[in-house]
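User: I would like to learn how to read salt bridges in a protein model. Could you take me through them step by step?

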Amino acid sequence: MADAGRVSSTMLAWVGDNGLPRFLAAACLVTPLLVAADETYTFDSGKYETKAFELRGYAEMEPAYSKSNEQGALYQLEFFDADPRADIFRVPAALELEGRYRRGETTLSFRTHSGKVWDYTHESAEHVLYEALFTQQPDPSFTFDLGKKAYRWGTGYAWNPVAFVEQAKDAGNADLAREGFWTVSFDWIRSFDGPLKTVAFTPLMLPNYNDVNSEFGREGHINVAARLYLLYGNTDIHFMALGDASKSARYGMDFASNLSPNFEIHGEVAYITDVSLLDVTPECTTRQEAPQDIFSYLAGLRYRTEGDFNVIAEYYYNGSGNRTASQQQFYECVHRAWETDDPDLLDGLPLKGDLDRGPFTKPNPMRRYLNLRAWWDEPYNLLYWVPAIQMLYNLDDDSYSISPELNYDGFDDLSLRLRMTVPIGDSLTEWGEKPNDYKLEFRLRYYF
């Protein structure tokens, strides 16, 4: 069961922080000797009881250096009204806190994110409440949630076509926490004997009024969504749906199955109604096409060798992504505005203050992608070292990025990562138009 495997790994990591596995191992070795010596051994279980209040989190800094690609359209957008820069230095810092208070059937939990960036322009800061949740569990089979919650729908690692009630994932940093939405929901779970082992049902309501969930499509609606979970044999299956309200109606399913202890396959498919694609004209204006229903899907696998070498491979088709011709026309308009120093040419383009959210400037805006990621846990018995590499490939324009990295976790509560990202592509391609020739990052993260 793929989801259960991930949950188990997380639980083991959490317990490992408290030293419990080492204690159990020592207890197994010492107890027989104590019994043989007829000595009395006492165990203080209170030390290991679940605490009513738990607080954990991390603080990190990640200085980054980028070599500018002055021929890239995204560089030209960023520096259109600014002095050019051959090098860009940024020092982002972040603090995330996660807390949980339990009393009887009630749990109160939260997650906050605070970030600050020092760069060539100015200092900028943000403070975001990622989650704030009231949970009531009167019975192990029933849980009620009220508040801000970050859902995790889908089995893909880099992309999730069925993530109907989530913020977009960063394919290059897919494990990062994301801000949730204000919802009310419940979970109903039942277990059975036989091939169908578990059934779970999760309906939810997501209001979109004024400043509440304002990023979730059109305002003035109460959105209704649901997910049905089935554990059949060793395969996890989900069916999910989102009603027509702030966003158009959409339906999906996903699965994950372990074909062997070291080999997992997973996939997702989403059917989305009334999608209006944008087209960019040679006059540098946009026109919206007639709404149509589209499919998006993902297929992938994960394999681990006996020597702890891991590989993830995924194919992603985004039916609502931009066509190659429209994306290239967007880049051509940006270059024309830059070369002629005519900002009026940008007025007809769908630009936003945050380029990461624009329909033509956000990450992975097109249709067909590959994600290949490999890492090796402690190669050749080099304790605490984990080298890794990731490639994100755009099959529509044959551009890609390569990101080798090196992780070290040999210090207590401290994690180090050195990562380099190199975009490769011709002019008018996604990675050929990135704002840098390469980017080097060093992340220092302290857990507490």
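Predicted model: local features only at pLDDT ≥ 70, side-chain atom pairs only at ≥ 80, totals over all residues.

User: How many salt bridges does a search of the whole structure find?

Analyst: The general idea is that a side-chain nitrogen of Lys or Arg must lie within 4 Å of a carboxyl oxygen of Asp or Glu. Searching the whole structure in this way gives 24 salt bridges.

User: Which parts of the chain does the pair of R445 and E60 link?

Analyst: The side chains of R445 and E60 form a salt bridge with an N to O distance of 2.7 Å. This pair links distant parts of the chain, since R445 belongs to strand β21 and E60 to strand β1, 385 residues apart.

User: Is R445 buried or exposed?

Analyst: Buried means under 20% relative accessible area. R445 counts as buried because its relative accessibility is 8%, and E60, at 13%, counts as buried too.

User: What about the pair of E441 and K439?

Analyst: Their closest N and O atoms are 3.8 Å apart. E441 is buried, with 14% relative accessibility, whereas K439 is partly exposed at 30%.

User: Which residues are linked with R111 in a network of salt bridges?

Analyst: The network joins R111 with E54, R56, E96, E98, R100, R102 and E131. R111 itself sits in strand β4, residues 106-119. Its side chain makes a polar contact of 3.5 Å with the side chain of E96, and another, of 3.2 Å, with that of E98.

Methods. Residues numbered from 1 in each chain as written. Heavy atoms only, no water. Helix = DSSP H or I, 4+ residues; strand = E, 2+ residues; numbered from the N terminus. Polar contact = N/O pair within 3.5 Å; in protein donor to acceptor, adjacent residues only side chain to side chain. Buried < 20%, exposed > 50% of the residue type's maximum accessible area, 1.4 Å probe, protein only.
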